[in-house]
Amino acid sequence: MNQPAPDNHDPLPPPGKLIATAEVISLAEHAAKRAEKLGTVIAGLEAGIARRGEEAAASAAAAGFSPEDQRSAAAKLAAKARADVVNNSEDARWGYIREVNAASEAVALTATLYASPQAVLARAGLGTPERSHLQQQLEGSGTVELKNMAALAVATNNKVLGAAIMSVVDRMPRRDRPLSTAELADRLVGEETRAVQAAITNIKLAAQAAINLNREFTAGKVRPLDRVKLALNKKDAN
């Protein structure tokens with residue numbers, strides 16, 4: 001029985017690297033395709049195992065054995081074929097699994113830094129002269145001025161200005177804050193944050209799907225609890 005051969009793929013970013021939004025989304029698509037490819041490979045292996053069982057049953061029938069004996073012969077040969085195929089295809093299957101897991105590990109830092117729109121906006125222009133200058137200008141600004149500057153930041157999609165405003169406002173006593181920095185961050189980077197969070201979730205789901213597929217294949221039986229957990233996680237992600 002022919003065994004699948006690992007195919008070439010682009011190198012993944014190393015763990016601990018902050019990945020750009022477009023790259024995270026692309027990585028999610030890549031991980032989903034690799035998990036899907038693993039499913040296709042396993043389906044082909046399952047079909048080969050089933051054929052071996054059918055051949056054994058047909059041979060037993062041709063030899064005049066009873067239907068019960070035919071089923072027994074099919075089950076025994078299928079079990080032996082599964083053991084052989086599981087062993088022979090291990091490197092190829094784990095190649096896909098390692099690749100999807102690597103994608104999940106690669107976005108670990110990004111997941112932390114994209115925990116909320118405020119966390120994302122806080123980094124905009126951090127350490128640059130532009131942001132430092134804006135913060136100096138905004139220090140001591142009144143309620144009306146801060147509100148107007150926030151409106152300007154949203155209207156012009158100026159994330160660095162928004163980050164400077166958020167930094168100033170967040171240092172003020174809560175009762176004196178003229179605006180919600182959470183709302184400001186959501187207006188400026190909320191869409192980007194949610195896109196990254198969704199992509200990271202999809203990568204994690206692809207990794208779990210790949211593990212589940214492999215477990216069922218090696219065991220030769222469905223694992224209902226794993227399927228339910230994955231389905232619930234997918235539902236929560238939507």
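**View 1. Leucine 184 and its contacts across the sequence.** Leucine 184 is in contact (heavy atoms within 4.5 Å) with Leu121, Ala150, Val154, Gly162, Ile165, Met166 and Leu179, leaving aside its neighbours within four places in sequence. The model is predicted: local features need pLDDT of at least 70, side-chain atom pairs count only at pLDDT 80 or more, and totals for chains, interfaces and linings use all residues. Residues are numbered from 1 along each chain as its sequence is written, and side-chain values use heavy atoms, with hydrogens and water left out.

**View 2. The largest nonpolar core.** A nonpolar core is a set of buried Ala, Val, Leu, Ile, Met, Phe, Trp, Tyr and Cys residues joined through side-chain atoms within 4.5 Å. Buried means under 20% relative accessible area (1.4 Å probe, protein chains only). This core has 52 residues. Leu27, Leu121, Leu138, Ile165, Leu184, Ile203 and Phe217 have the most contacts inside it. Helices are DSSP runs (H or I, at least four residues), numbered from the N terminus. Among those supplying at least two core residues each are α1 (21-62), α8 (159-170) and α9 (181-219). The largest share, 13 residues, comes from α9.

**View 3. Alanine 163 in helix α8.** Alanine 163 is buried, with a relative accessible area of 0%. Leaving aside its neighbours within four places in sequence, alanine 163 is in contact with Leu121, Ala124 and Arg131. Arginine 82 is 81 residues from alanine 163 in sequence and 58 Å away in space, C-alpha to C-alpha.

**View 4. Arginine 123 over the face of tyrosine 114.** Arginine 123 lies 5.1 Å from the ring centre. A charge sits over a ring if NZ of Lys or CZ of Arg is within 6 Å of the ring centre and within 35 degrees of the ring normal.

Key: Buried means under 20% relative accessible area, exposed over 50%, partly exposed in between (1.4 Å probe, protein chains only).
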